[in-house]
Amino acid sequence: MSTSIKARPTGLKDVEKGSSLWADAYVRLKKNKLAMLGGVIVISILVTCFVIAPILSWMGFDGNEQDLANKFAGPSTKNLLGTDQLGRDLLMRVLQGGQISLLVAIMATMLTVTIGVIYGGIAGYVGGRIGNAMMRIVDGLLAMPFLIIVILFREVISGQVDEIARFLIDDWGWNDNDVLRFANLIPLTFAIAGFGWLSMGRIVRSSAASLAQQEFVEAARSLGLSHRRILFRHILPNMLGPIIIYATLTIPSFILYEATLSYIGLGIEPPNSSWGKLIQEGANYLETNITVLAVPAVLFSLTLFAFNFLGDGLRDALDPKASKD
Amino acid sequence: MLRIILSRLLQTLVVVFLLVTFTFFAIRMMPGNPFADVKALTEENKAAMERLYGLDKPLHIQYANYWKNVLLEGDFGDSFSMKGRKVSTLIAESFPISLKLGLLSLLLAMSLGIPLGIIAALFHNKWQDYTAMIIAMAGICIVTFVLGPIFQLSFAKPLSWLNVAGWSRPSDVILPAITLCFGVAAYLARLTRGGMLDILSQDYIRSAKAKGVSQLNIITKHALRPALVPAVTFLGPAFAAIITGSFVVESIFLIPGMGQYFVLGIQNQDYTLVLGLVLFYGILMGIANLMSDLALIFMDPKLRNS
């Protein structure tokens, strides 16, 4: 015993300093030009929608002001991308629609990650019969038609949200316009997350299950740590890679869900608008003026591209072994 | 083999039973009433309607009655919103349309996506790979409701033998099938590429190369079958989803398929229609998954023992 302790290399300084997982991943990510391009586009779109658009609207550009004498106008200094079928400024419409699309997708992704990590983490860590039963529920819900389950959730939740919104307006004296506009987004967000967390839960479960078998978890357990501590301090940090990757890839798919629902007419309601709604409106005027379809469609597709390339790149960077599909 | 099939079918039945139960009770939590939207409906009429559809009875009796009708009489009930139509008739009329559209677009997707994925894997990290993957990404990102209108404008308008929308001529299936196929083709291409890359790095492929087997033979005889495993796993659920109709594509091209009922049913709180659809979809999903599992067992001998 004592000799083996003495034989340990002395002076950790001599050992070459290893680079962390994250530093490694960043080096790999920087080499991936498509992913970097995707990242730059994602950041530019976020900045345009959430920083530049509010500045423009403060400067007097308005996406809701109608000017019926000026329908389908070409680009001008007043309307940088021209106007739509009601003479509204197309650029501001698209940017404000983007705010809603992105906001819903990002909020729904955060919800998805929270629910998926807790549910999948518990199912994977507990394992056995309970874990299996938990996953069968997920499998079962995945066999539901997507539209039915999302609309069902949305309707059930919107009843509750309406009550809360009314309470905030009547009893707390909040600005009814702002509350209603935001309250309009909540049911949709929850509905999308209510379906979306299923896949997240599956991914988290499989990585939690494999981590729960590993020796460091056994060591933590034999030290007498509580289950909650093991789950949140030991297993969760090791799952961050897959969670980040999946979350990045979830955002574009949620943007798509939201757009599909809004396109159908079951998503965002006026006065809010979103890319899906704009595309749907634009498709009606396809023959009169293609820009009202093209502008939102291009921005929407570009955003999906960028998020997907960034997500793929992150996966290749964080988990080189899994970069198969 | 027979035991696997039977146990999987049993599992499907359990899942479908639970899903219908969940839907049965969840749909009643929706605010409003199935007949609230019908204009000029007095309280008495509404009560009469509820009596007619058995909605005045306690919930557990309604639930028991639903299963009694489905199991003993094969009756899915009358649709609430489409007056005088049975749910089974609605499904029987619209499903063949969606099936035809879905099968054609799946066929297109497979003949497009799988070769694309193989090419990408064979030229891994070369320009062919990047091009194929960018095309695949375009298939995912340029969605049906953008593609559909563009196709209508650029093909149906100038070509007289294509209708812009509708479902009267045999050629009417072409544009919607193409619109629908790109997304699936894109996923298939990515999954095939991944599976192919995985297999091409295996030892037995290296042995085959060392023996001097030609590139074509390596791909077709040795690599392709196991490489398609991820794609086939994806195809199971995708198959069930596609043949039951895409609401978006069917509404763009005005096709009287099944997709519309998924939205109309839940929107109109048409309890029987929604339950019938959940039941039908769940069973189809189970069968499709079983078929894809059987295909996997055939493709990957390692799976036969487990």
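Two residues are in contact if their C-beta atoms, placed from the backbone, lie within 7 Å. Keep that cut-off in mind on this tour. Note too that this is a predicted model.

**Stop 1: where the chains meet**

Select both chains. Their contact takes 27 residues from chain A and 36 residues from chain B. Now colour the side of chain B that touches chain A. Seven helices of chain B each supply at least two residues there: α1 (2-27), α5 (127-141), α6 (144-156), α7 (174-200), α11 (247-252), α12 (259-267) and α13 (271-299). By class, that side of chain B holds 30 nonpolar, three polar and three charged residues.

**Stop 2: chain A on its own**

Chain A has twelve helices and zero strands. Of its 325 residues, 42% count as buried. Take the contacts in chain A between residues at least 6 apart in sequence: 71% of them join residues at least 24 apart.

**Stop 3: a helix pair in chain A**

Two packed helices are described by the angle between their axes and the distance between the axes. Select residues 227-264 of chain A, helix α10, and residues 291-318 of chain A, helix α12. Their axes lie 9 Å apart, at an angle of about 165°. That makes α10(A) roughly antiparallel to α12(A), because angles over 145 degrees count as such. The crossing of α10(A) and α12(A) is left-handed. The contact of α10(A) with α12(A) has 14 nonpolar, five polar and one charged residues.

Show side chains next. On α10(A), the residues that meet α12(A) include A:G241, A:I245, A:P252 and A:A259. On α12(A), those that meet α10(A) include A:F300, A:F307, A:N308 and A:R315.

**Stop 4: the nonpolar core**

Bring chain B back. Which residues touch the most other members of the largest nonpolar core? They are A:I148 and A:I279, in a core of 156 residues. Centre on A:I279. Leaving out residues up to four places away in sequence, A:I279 touches A:A259, A:Y263, A:L293, A:P296, A:A297, A:F300, B:F145 and B:V146.

**Stop 5: chain B on its own**

Chain B has 13 helices and zero strands. Its C-alpha trace spans about 85 × 55 × 30 Å along its principal axes. Of the 306 residues of chain B, 40% count as buried. Among its contacts with a separation of 6 or more, 74% come from residues 24 or more positions apart.

**Stop 6: a helix pair in chain B**

Select residues 87-122 of chain B, helix α4, along with α7(B). Their axes come within 6 Å and cross at roughly 35°. The crossing of α4(B) and α7(B) is right-handed. Their contact has 26 nonpolar, four polar and two charged residues.

Stay on α7 of chain B and pick B:G194, which is found in that helix. Is B:G194 buried or exposed? B:G194 counts as buried, because it has 21 C-beta neighbours inside 10 Å.

**Stop 7: α12 of chain B**

Show both chains for the last stop. The buried residues of α12(B) are B:G259, B:Y261, B:F262, B:V263, B:G265 and B:I266. In chain A, they pack against α6 (146-172) and α10. In chain B, they pack against α4, α11 and α13. Finish at B:Q269, which follows α12(B) and has a positive phi, near 50°.

Terms used: Residues numbered from 1 in each chain as written. Chains lettered and ligands numbered in written order. Predicted model: local features only at pLDDT ≥ 70, side-chain atom pairs only at ≥ 80, totals over all residues. Helix = DSSP H or I, 4+ residues; strand = E, 2+ residues; numbered from the N terminus. Nonpolar A, V, L, I, M, F, W, Y, C, P; charged D, E, K, R; others polar. Axes fitted to C-alpha atoms, helices over the stretch in contact; angles between N-to-C directions. Left-handed = near helix turned anticlockwise from the far one by under 90°. Core = buried A, V, L, I, M, F, W, Y, C linked by C-beta atoms within 7 Å. Buried ≥ 20, exposed ≤ 12 C-beta atoms within 10 Å, placed from the backbone. Parallel < 35°, antiparallel > 145°, perpendicular 65-115°, else oblique.
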